[in-house]
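Hello,

Here is the structure I promised to pass on. Please open it first, then read my notes below.

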Amino acid sequence: MDYFIELFCSGLTRGAIYALIALGYTMVYGIIGLINFAHGEIYMIGAFTSFIVATVLSIYGFPLLAIVVLAGLAAVVWSSAYGYTVEKIAYKPLRHAPRLSPLISAIGMSIFLQNYVLLAQTSDFLPFPTLIPEFAFMEPVAHIVGSTDIVILITTTIMMLILTVVIKGTKVGKAMRATSQDRTMAMLVGINVNRIISVTFIIGSALAAVGGLLIASHIGQINFFIGFLAGIKAFTAAVLGGIGSIPGAVLGGLVLGLTESFATGYVSSDYEDVFAFSLLVFILIFKPSGLLGKAETKKV
Amino acid sequence: MMDTPILKISGLTMDFGGIRALNRLDLDVHAGEIVALIGPNGAGKTTFFNCLTGIYAPTAGEIILTPPQGGKSISLKGLKPNQVTEKGLARTFQNIRLFSQMTVLENVMIGRHCRTRAFILGAIFRNAATRREEREIVEMSYAILEKVGLAGVANEFAKNLSYGAQRRLEIARALATEPFLLLLDEPAAGMNPQETQELDRLIREISDDGLSILLIEHDMKLVMSLSDRIFVMDYGKKIAQGVPSEIRSNPAVIKAYLGEEVDA
Amino acid sequence: MSLLKEMKKGLFTSLWFVFLTFPLMVIKVDPIERVVRWRWENALYVAVGTFLMYLLVTFLMQRKNARAATETEVDADRESFIHRLIASPRQKYLLGGALLAVAIAFPFFSSSYQTNVMTTALMYVVLGLGLNIVVGMAGLLDLGYVAFYAVGAYSYALLNHHFGLGFWAVLPIGGGLAAIFGILLGFPVLRLRGDYLAIVTLGFGEIIRLILENWGEFSKGPSGISNISRPGLFGLELNLDAAIIYIYYLMILFMIVTIFIVNRLQDSRLGRAWIALREDEIACQAMGIDKRKTKLVAFSLGAFWAGIIGVVFAAKTTFINPASFTFLESAIILAIVVLGGMGSIIGVILAALILILLPEYLRALSEYRMLAFGAILVAMMVFRPQGLIANIRRTYIFEKEKSPAEKS
């Protein structure tokens, strides 16, 4: 039973992080209909930035709390900046291009960013500093649920609540929803669509950055390539939930995380990534609208 | 008075979610006829075409196609768009859908696809049969272009044509599939009066060649001049049908739609 | 816009990029030794580089806009150099013959190493031409192309290892198996929308690689399969140098056959259907084209080529492992097609030679190879989506157009 709970918790943790990254995919897709292939790289850059800032600060002897806050802040700021810039360079000029052009551009961006980090930093795996201490009050259950898991779950829940408030309660959120329903119409009623798209990329990137920080401190090491797999898995989560749907991304993330956790725990860990990829292929083939998405009707 | 209609539609219904776009529509077209389908914007005319040509699967109803010269009747329900075209029903699109990166001639050549055979091996080895077929495709396509008056621009890219010429190219492309029933979706939209007049002449010529025509059109002058019979739709329902003079004086039609437009 | 204003904007952009790249470019930490290196000079490079890049991009954008204003005439002028060169059949054959002569003579005045590199480049030419059928002509973005390449390579490696089958026997088998995989995958996925298709093929490619990596009993896992036989020449055992030259000539042959076939496909009923499908699926169906069948043919034909080259790859390197078949490999081939110009045969050949040979000969560049590939994909989409050499179907049309006139 302990094993089951352990798997459940680690699945939940994984799922929460997938969900955090999946939100970026789903929001961008909802607004401009693009699979932002470079989103995984934004997450990787978030992890790298927090790694660099945290390590520098710890070398200079800052206290742990300051390190955590500053590293998190840096990750969010720089990831958002990258997300914003990537959109301006690689997607904005292609607003009216054929549908596959921005996707190819996104793939190019993804490869570019990976290799940029590889060249600017290193291809080696880097040890991520311990940012989350083992809490004393967790001791009795520590063999099942780590402190990191708890922190991850709490943080992602807070992030999602903030996101919900932003989307449901603010003017920007309203404009985002309007733009995702009908871009032309939104433009006609005076919404600055370009700004809304930028905001979407910034929010999505910020969430990915938090995900990057959390997962890096969870796993304990990073390299330039982590964005690829995490990106694909988060995308799987987004599609599983129904791409374009925000609750769908969360649900998809959790389902994927739990599936993976149980599959690796009870079946075989060799094929961990095969599960995710197969799930992706199967959903796209059999239910491309996902669990909570709406089926698309083609316009003629 | 006439034999079996070549197209007989009964009870055609199409629902999108909760919205009923077509409501038990009946319509028929006889051999050699020009039939117009009119109605206000959003009445469901294009949806009707899409159901007919297999792009949408209708919720209920029957679509029976009977080739002239005593062919066997077939139901079009459940067929894919390309199968519908093979059966002898071709269409044009309201929002022009040409292959813009291909030349005018090639656009028409695409229409020959479903009447020709050559495949991978034919393409690679270019045997005598394939060469003959290719020559036939080009000749026939060229002849169709001459008919619609576009032979002079055969080598232009389709996207570089004027609006009116693009509409005529759409018709040429549809003709290349050798249909016996041609569906035209607002062929005169965006045309100037002179172009519309040419279109009127072209449609008559096509009709004289023995094709039946079903057209959606907003240009009432054209509709009244061309049509043998007219069907009027509103809110997915048929509200009237008859010869032009009847439609002109039908109070329901005038109320729903024509009113100020046709009296001119 | 005034020059001063442009300069100011350029300056602002470069400052933004200095900020953007600051943590990754300037700071370098060593977490083990616990030292921080501040590489301030990098900030300067970024600033200058971005500024120059900004000016270049602004210039390109202005030219692009200017060209859009005058539309086709300028376009035709710009496009025509290579096309004019091959417009007349005599010049075309002359040029082709000259290139062929150089290609045949190549191994005699270069080292085995260089011949080997050239063979690799030729393999990418053929892979590019194969993917060009799928992506360029039929408009199906296949991101798992490398999977079919892997199928071909592993068919040869395994059949050779277990049953001692030779290169020529496996060549059609490898191609055929890849094509069958193409059909099996294509059947369910080809009805998907373009971007979903791209992701599914990507997933499929990764699944194949992961299976090869993990299913040790079948594929020997990450350590791969070694001692694969080189192709034989009428039962002769060739020494290493001779084998390299032999494979080089084989690739020349394959390339010529591929060009011939792709060229003919492009000007056929099937090729036209592919291009029409790329342009507008719904109109295509309304013209009586069976969407699924036509796509499936393109997809499996592309897979066939990948399978063939996979066999050649296994025979050339005599050792394969799953690491040769990552997504990046698919991305490289895609970059070739995109750079060359979707659907353009000459463009793809040129792009493959540039992308594979340039980093090989300019050693300094090889580090930046993948960086450049990524940048190329973005830049091509933004500035020149038609590729280096746009595919224009003029020559074909010209000769066709005459025929009705000739007949009458």
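Start with C:W40, which sits in helix 2 (residues 40-70) of chain C. Keep in mind that this is a predicted model.

What does C:W40 touch once its neighbours within four places in sequence are left aside? The contacts are with C:F22 and C:V26. Look also at C:I27. C:W40 and C:I27 are 13 residues apart along the chain, and 8.3 Å separates their C-alpha atoms.

Now step back to the whole of chain C. Its domain assignment gives domain 1 (3-68) and domain 2 (95-402). How far apart are the C-alpha centres of these two domains of chain C? The distance is 36 Å.

Next, chain B. The secondary structure here consists of 10 helices and 10 strands. The C-alpha trace of chain B spans about 65 × 40 × 40 Å along its principal axes.

Why call chain B compact? Chain B has 264 residues, and a compact globule of that length would have a radius of gyration near 18 Å. The value for chain B is 19 Å, so the two agree.

Burial comes next. Of the 264 residues in chain B, 58% are buried. Take the contacts in chain B with a separation of 6 or more: 68% of them join residues 24 or more positions apart.

The surface is simple to describe. Chain B exposes about 11,000 Å², and carbon and sulfur atoms supply 50% of that area. As for charge, chain B carries 30 positive and 32 negative side chains. The centres of those two sets lie 6 Å apart.

Domain 1 of chain B is made of two stretches, 1-88 and 179-264, while domain 2 covers 99-178. Their centres, taken over C-alpha atoms, are 26 Å apart. Where the domains of chain B meet, 22 residues of domain 1 are in contact with 15 residues of domain 2.

One last stop: helix 3 (residues 104-111) of chain B. Is helix 3 largely enclosed or open, and why? Eight of its eight residues are buried, so helix 3 of chain B is largely enclosed by the rest of the structure. Buried here means under 20% relative accessible area. Among the buried residues are B:V104, B:L105, B:V108, B:M109 and B:I110. The list also includes B:E106, B:N107 and B:G111.

Best wishes

Methods
Residues numbered from 1 in each chain as written. Chains lettered and ligands numbered in written order. Predicted model: local features only at pLDDT ≥ 70, side-chain atom pairs only at ≥ 80, totals over all residues. Heavy atoms only, no water. Domains from an automatic or database assignment. Helix = DSSP H or I, 4+ residues; strand = E, 2+ residues; numbered from the N terminus. Rg over C-alpha atoms; globule rule 2.2 N^0.38 Å. Buried < 20%, exposed > 50% of the residue type's maximum accessible area, 1.4 Å probe, protein only. Contact = heavy atoms within 4.5 Å. Areas by Shrake-Rupley, 256 points an atom, 1.4 Å probe, with all protein chains shown as cover. Lys, Arg positive; Asp, Glu negative; His and termini not counted. Charge placed at Lys NZ, Arg CZ, Asp CG, Glu CD.
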